[in-house]
Structure formats: structure tokens, C-alpha cells
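Dear colleague,

I am passing on the structure we spoke about, and it is placed directly below. My notes on it follow, with the individual chain taken up before its contacts.

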Amino acid sequence: MSAAAEDTVTEAPAVEAVPKRAMTLGTGTSLVILAALLVTPVFVKNFVVFQMTMVMIYGIAVLALNILTGGSGQFSLGQSAFYALGAYTSAVLMENFNVNYALTLPIAGLVSFGAGYLFGKPALRLSGIYLALATFALAVAMPQLLKLHFLEQWTGGVQGLTVMKPDAPFGLPIGQDKWLYYFTLVIALAIYLGSVNLLRSRSGRAFMSIRDNEIAASAMGVDVAQYKTLAFGVSAAITGIAGGLSAIVVAFVAPDSYTINLAIALFLGMVVGGVGWLPGSFVGAAFIIFVPNIAESISKGLSGAVFGVLLFLVIFLVPHGARQVAIVAQQMLGNLRKN
Amino acid sequence: MLATLRTAAISAAVGAFLCTSGPAFAQKKYDTGATDTEIKIGHIVPYSGPASAYGVIGKTEEAYFRMINENGGINGRKIKFISYDDAYSPPKAVEQVRRLVESDEALLVFNALGTPSNTAIQKYLNAKKVPQLFVATGATKWNDPRHFPWTIGWQPSYQSEGRIYAKFLLKEKPDAKVAVLYQNDDFGKDYLKGLKDGLEGKASMIIAEASYEVSEPTIDSHVVKLKASGANVLISITTPKFAAQTIKKAAEIDWKALQIVANVSASVGSVLKPAGFENAQGLLSAAYAKDASDPQWQSDPGMQKFFAFLDKYYPEGDRLNSSVVYGYGAAQTLAKILEMCGDDLTRANIMKQAANLKDFTPDTLLPGVKINTSATDFAPIEQLQMMRFSGEKWDLFGEVISGELSH
């Protein structure tokens with residue numbers, strides 16, 4: 001009886017197994033994309049540079065969710081809470097304690113790791129949609145917690161905190177936007193490579209075995225509880241770093257920036273990018289930033305509905321998101337080479 | 001020889017041309033976003049998200065500028081009104097405003113809505129020296145020309161309104177014992193500060209204060225506590241849901257204090273009706289704009305222009321919605337500024353003209369409420385008129401009162 005009940009609960013969120021190699025792009029493709037990312041800011045307006053920076057920041061946050069869901073098979077609708085925690089940690093340290101902005105990021109990551117790990121402990125007892133609901137509660141609570149009266153002297157309450165935007169160091173002759181772009185690019189790259197390695201490591205294999213079959217994983221000697229909380233912690237830490245970066249780049253934090261809408265946007269980005277495919281995180285991030293703008297330009301009054309239709313089309317035509325598109329493209333290229 | 005002669009003739013002609021056209025060049029001055037034929041206005045408002053009800057303001061303003069364009073534009077230039085959705089999210093507001101300034105190259109950013117969104121873009125716009133005109137929020141901090149010379153407010157600040165209630169009390173009820181109930185956030189605190197500043201040396205008139213959190217389900221206990229203080233005036237600095245609760249509870253426990261409710265909660269439909277009209281009789285508040293549902297304004301020339309505008313350019317707009325009245329007034333103020341700028345459409349001149357409004361009266365403001373600004377006064381509307389609730393509507397009474405500190 002109990003075994004049957006467990007079955008139905010764990011079956012629902014089952015994610016299609018992803019072979020290890022399919023998690024990343026080929027070396028050649030990666031290098032071309034990297035070169036493009038390095039060169040583009042020289043040729044485009046500062047505003048576009050800013051948008052690209054935001055894509056990378058949201059991309060890091062989506063990637064964090066991807067490790068959790070695509071890697072260890074756990075759902076979270078509470079990523080906005082960790083994002084907010086990271087953003088506020090960075091902002092408060094910079095504004096109230098004059099800490100260098102670059103140094104605030106590891107601290108933001110640590111604080112969020114702690115929060116994620118602690119939250120992961122009790123949340124372990126839940127799985128599938130129940131876990132999603134528990135994290136949902138976290139996302140709903142966060143903006144209100146940030147408004148709390150006794151925190152106001154640091155957080156600025158509902159008014160939020162304005163942060164000084166950093167200039168390029170060592171007198172480099174580039175503007176703030178371009179500097180922050182390259183700064184974010186380096187961090188995004190480090191996190192991306194770190195995540196790929198993590199998922200290829202022993203821990204990554206443990207995550208995936210839990211995702212595919214918890215009972216089998218524990219039979220093979222994987223400490224399920226330990227690895228599940230670890231996945232939560234790592235995901236929260238990376239999300240926190242993304243949040244910290246966003247505080248530096250947007251130069252402002254307020255409780256209203258981190259509502260449940262953000263958590264849903266990140267979830268959406270993961271699905272559009274392809275669950276379990278790490279490069280897709282950045283495609284998903286581009287989707288959640290640019291598609292609402294496109295929807296708005298089609299119809300102002302119905303922007304939400306247009307966005308819904310566009311999203312529906314994506315899910316309907318390419319249910320596995322950007323990953324599917326990439327695979328098809330790869331096959332076509334392969335065919336071309338053969339001919 | 002011939003060649004040199006020709007050169008001389010050409011240079012003379014060019015010289016003459018430069019001389020004649022010189023003064024004309026001097027008169028017409030433009031910054032990015034303005035040309036001989038067009039002025040680009042940037043605008044953000046939540047069309048989606050939790051505060052999307054305010055999207056109506058953007059639609060009204062868009063319709064207003066369409067009307068202006070059909071009537072020939074401003075000084076011969078058409079208005080290009082570029083309005084984006086910020087979904088009431090500060091990071092989105094930053095993105096959209098940067099898009100307006102750097103990509104669409106708008107001359108100025110007009111009437112952005114919400115304290116958080118405006119705070120998020122204020123530093124950026126001031127660093128870029130782009131006017132942040134007539135922000136749609138009641139916080140007092142927008143009136144700070146020394147630190148933020150490119151940001152200016154529009155509607156009366158919460159502090160102004162607080163000071164107006166203080167003035168009323170000092171004049172009409174100098175022996176009042178005042179109890180204050182306020183929401184514990186920037187809105188409530190701004191109000192309370194205005195009230196205390198307005199009472200000047202007599203802040204001791206306030207004998208009891210209670211604050212509540214927006215998350216509290218009911219504020220009944222605060223009302224009971226305030227009644228026990230023996231106060232005979234209750235100032236309710238509350239948002240609509242709590243304002244209705246306060247009115248109802250005060251009637252329930254038979255507290256016959258004179259009650260003043262903040263302008264944000266003066267709505268007949270969403271506050272007084274749910275609280276019960278019989279409980280709201282004699283309630284006081286203040287207003288600065290005409291209420292389109294009030295029969296006394298049906299034949300008012302200003303409101304007739306407003307109704308004609310709605311009929312022709314924005315027929316789907318709800319005339320009972322105060323946001324429509326708001327958008328009309330704000331858009332009219334911007335049109336006035338652009339008219340005053342003449343052919344000098346530089347960002348600096350726009351700020352100069354915005355700080356140079358003298359007794360300007362948009363169609364939708366109450367008679368006697370005038371917009372005045374100066375280089376040191378970036379708070380356009382500072383006057384309100386008291387009103388008393390009787391029957392099922394508000395009756396204005398007394399004179400228009402100014403909330404400025406100095407007067």
C-alpha cells in the first residue's frame with residue numbers, strides 16, 4: 001500500500017534521462033559562442049550590453065534551477081527567494097558596510113547556500129508537487145520578510161536600497177556597462193564550467209541516480225538525504241550569486257523586485273531552454289527577457305495573452321525547448337558533412 | 001584667376017547664407033529626441049502584473065497625445081509617445097527606461113509610476129541628465145532639486161496632505177485630542193511626518209498613535225485601543241481595505257470621534273460603500289481633482305472638455321475611474337511645458353520650464369488648485385480642498401488649502 005503510494009508520488013516528476021555528454025555543447029560550438037560574446041559589446045549600444053548582461057545573470061539563475069531539477073529531479077518554485085537573499089546580501093554589504101562589490105558575491109553565495117541547505121533539510125520529506133508547493137510558500141513570503149520593520153535600518157524597507165554602480169578598475173578605458181558585462185561573463189563562465197564538472201563528477205552521478213530512481217540510488221549506496229540537500233544548497237548558492245550580480249548591475253534592490261513572478265519566470269526559462277541541458281539556461285533567460293518585450297510590441301493591452309500564446313507555441317512545437325532545436329541543428333549539420 | 005573669383009563668390013554666398021540662417025539656428029535648439037517635426041516622450045507604467053490597474057493612466061495619456069497630434073501637435077511638432085510595460089518590477093523599469101533613453105532616444109521620461117520603480121531609475125536618469133518628469137507617486141522625496149535636479153513630482157505629496165489636515169485642525173478644532181492610526185510603511189510614515197510638521201509646536205495634540213502592518217487581517221483592536229485614549233478626533237492614514245474596517249469598527253463601538261480619512265481611501269465605491277454609508281456620514285477627507293461621478297461638475301467647462309476628449313479619443317475609458325482623470329491632468333501639464341519650451345527643446349530647458357509653472361490649472365483639478373513650481377520647489381500640486389461626506393457623496397467645503405510648510 002505504502003509502496004504504491006510512493007510510486008505515484010515519485011513517478012509524476014520523472015524527468016527524461018539525459019546522457020552526460022548531451023548536457024553541454026561541443027567544444028567547437030562553445031568556442032565560437034564565447035568569441036561572439038567577447039566581441040559583441042564593442043559593436044553594440046550600451047543598452048544592448050546591459051540587456052546581454054541581464055540575460056547572463058538570469059541565465060546563471062536558470063542554470064541553478066537546472067542543476068536542481070534537471071540534475072537531482074527536485075522541483076522548486078522558490079528560487080526568487082534565494083535570488084532576493086543574494087541580492088540583498090550584496091546590496092547591504094556594499095551600501096552599509098562598504099565592502100567591495102566583487103567580494104560581496106562569494107558572501108551572497110555562502111548566505112544563500114546556508115539558507116538553501118537549511119530549507120532543503122525539512123523539505124526532504126516532500127517530493128514532487130508537494131516540494132514545489134513548499135518552495136512556492138518561500139517565494140511568496142520573501143518580499144514580506146524583506147519589508148520587516150526591524151530589518152529596515154539595513155534593507156531600507158519598502159523603499160529598497162540604491163547601490164553605487166562600480167566603475168572599471170585600474171583605470172581601464174571602458175564604460176560601466178561594458179565592464180560589468182565582462183565581469184558577469186567571467187563569473188557566468190566559471191559557474192557554467194563548475195556546474196558541468198559537478199554534474200560529471202561523482203556527486204553529479206549521485207544527483208542523477210536520485211532523479212532517475214531514488215530507491216535504486218539508495219540501494220547503490222547513495223546517501224539520498226545528503227545529496228538532495230546538497231543539490232538544494234548548491235542551487236541556492238548559485239542563485240544567490242546571480243542575485244548579487246543583479247543588485248550590482250541594476251544598482252537597486254526592493255522587495256517588489258523579487259516576487260513570485262520572478263520564480264515562475266526562472267522556471268519558465270528552464271523549461272524553454274530544455275530541462276537538464278545547461279547551455280539552454282541562457283537561451284531560456286533570453287526568452288524571459290525578450291519575449292515579454294515582443295509580446296508588448298504586438299499588443300499593449302493584451303501583452304500577457306500574447307506572451308501566453310508565444311509560450312504555448314514554443315511548448316507545442318519544441319516541447320524539449322532549446323535542447324531539441326540544438327539537436328536537430330546538429331543532425332542537419334552532420335547530414336551536410338556526409339554529403 | 002577665374003577659379004579664384006568663383007571661389008570668392010561661393011564663399012561670399014556661403015557666408016551670406018550663414019549670416020541669414022545664423023539667428024534661426026540659435027533659436028532652434030534640440031537635444032536627442034526632438035526635431036523640427038517630432039518630440040519623443042518616453043513613458044513606463046505597469047500594463048501587466050500586480051499594479052496593472054494603473055495601466056489605464058498610460059492609455060489615457062496616449063489618447064491625449066493622439067488628440068494633440070490630430071490638432072496639429074505642439075508648436076508644429078508631433079508627439080511620439082513611447083510607452084512600455086514595467087510590470088511594477090524595478091529591474092524591468094530600469095531595463096525599459098534604458099531602452100527609452102538609449103535605444104528609442106526619448107527626450108524625457110514622463111510620469112513613471114510607483115515609488116520603487118522611480119527610485120530604481122532616478123540615479124540613472126540624473127546621471128544621464130534626462131528629465132524624469134512628473135513621477136506618479138506621492139512620496140515626498142521627489143521634491144529634492146538640490147540632489148536630483150532632473151526629477152520632479154506632480155501630485156500632492158503625502159506630507160502635504162498631512163499638513164493640510166493639521167492646518168484644518170488648528171483652525172477648526174484647536175482643542176482637539178487626536179488619535180492617529182497609520183500604516184507602517186513609507187506611505188504611513190510620510191503622512192504622519194506631514195501631520196506633525198503641520199501641527200508645529202502643538203504636536204502634543206496627538207494623544208495616541210497606533211500603527212498596523214499591511215499583513216494584519218483586521219485592525220479592530222487598534223481602533224478599540226485608540227478609543228480608550230479618550231481622543232475626539234481620529235485620523236485614519238490607511239489604505240482602502242483598512243479604511244473601510246476603521247469606519248465600520250468605530251461605528252460599531254459607538255465612537256463618535258470626528259474621523260479624517262486619507263485621500264487614497266476616499267473612494268465612494270471601494271471604501272465608503274463597503275463600510276456602510278450610514279457609518280460614513282460626517283467623515284472628512286481632502287481632494288485636489290474633480291470627481292467625474294459628481295453631478296456638480298457635469299456642466300463645468302473643464303470637465304466638459306475632459307468628457308469630450310473621452311468620447312472622441314478614448315471611448316472605452318471609464319470616466320468614473322480616477323486614474324483616467326489623473327492621466328488627463330498629467331498629460332495636460334506635460335503639453336503645457338512643451339509649449340512653454342518653444343523651439344528650445346533641450347533637456348535643460350525642459351527642466352527649467354517644468355520648474356517655472358505659474359498658476360497653471362489643468363481642466364481636471366478643483367477650482368483654486370493651481371500648479372506652481374520654482375527652481376527650489378519641485379512639488380507641482382500642493383493644494384487640496386477639504387470635503388465632508390454626506391448622503392452618498394462628498395461635499396467640498398472651505399477654501400483650497402496649501403500644504404506648503406512656509407505658508
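Of the 407 residues that make up chain B, 49% count as buried; please bear in mind throughout that this is a predicted model. The secondary structure of chain B comes to 13 helices and 13 strands, and its C-alpha atoms fill a box of roughly 105 × 45 × 40 Å when taken along the principal axes. If one considers the contacts in chain B between residues at least 6 apart in sequence, 68% of them join residues at least 24 apart.

The domain assignment divides chain B into domain 1, given as 38-156 + 296-376, and domain 2, given as 158-287 + 387-402. The centres of domain 1 and domain 2 of chain B, taken over C-alpha atoms, are separated by 30 Å, and eight residues of domain 1 are in contact with eight residues of domain 2. On the side of domain 1 of chain B that touches domain 2, the residues divide into four nonpolar, four polar and no charged.

Turning to the contact between the chains, chain B contributes 24 residues and chain A contributes 25 residues. On the chain B side, strand 3 (78-85), helix 3 (90-103) and helix 4 (115-128) each supply at least two residues, with the largest share, eight residues, coming from helix 3 of chain B. The residues with which chain B touches chain A divide into eight nonpolar, eight polar and eight charged.

With best regards

Note on methods. Residues numbered from 1 in each chain as written. Chains lettered and ligands numbered in written order. Predicted model: local features only at pLDDT ≥ 70, side-chain atom pairs only at ≥ 80, totals over all residues. Helix = DSSP H or I, 4+ residues; strand = E, 2+ residues; numbered from the N terminus. Buried ≥ 20, exposed ≤ 12 C-beta atoms within 10 Å, placed from the backbone. Contact = placed C-beta atoms within 7 Å. Nonpolar A, V, L, I, M, F, W, Y, C, P; charged D, E, K, R; others polar. Domains from an automatic or database assignment.
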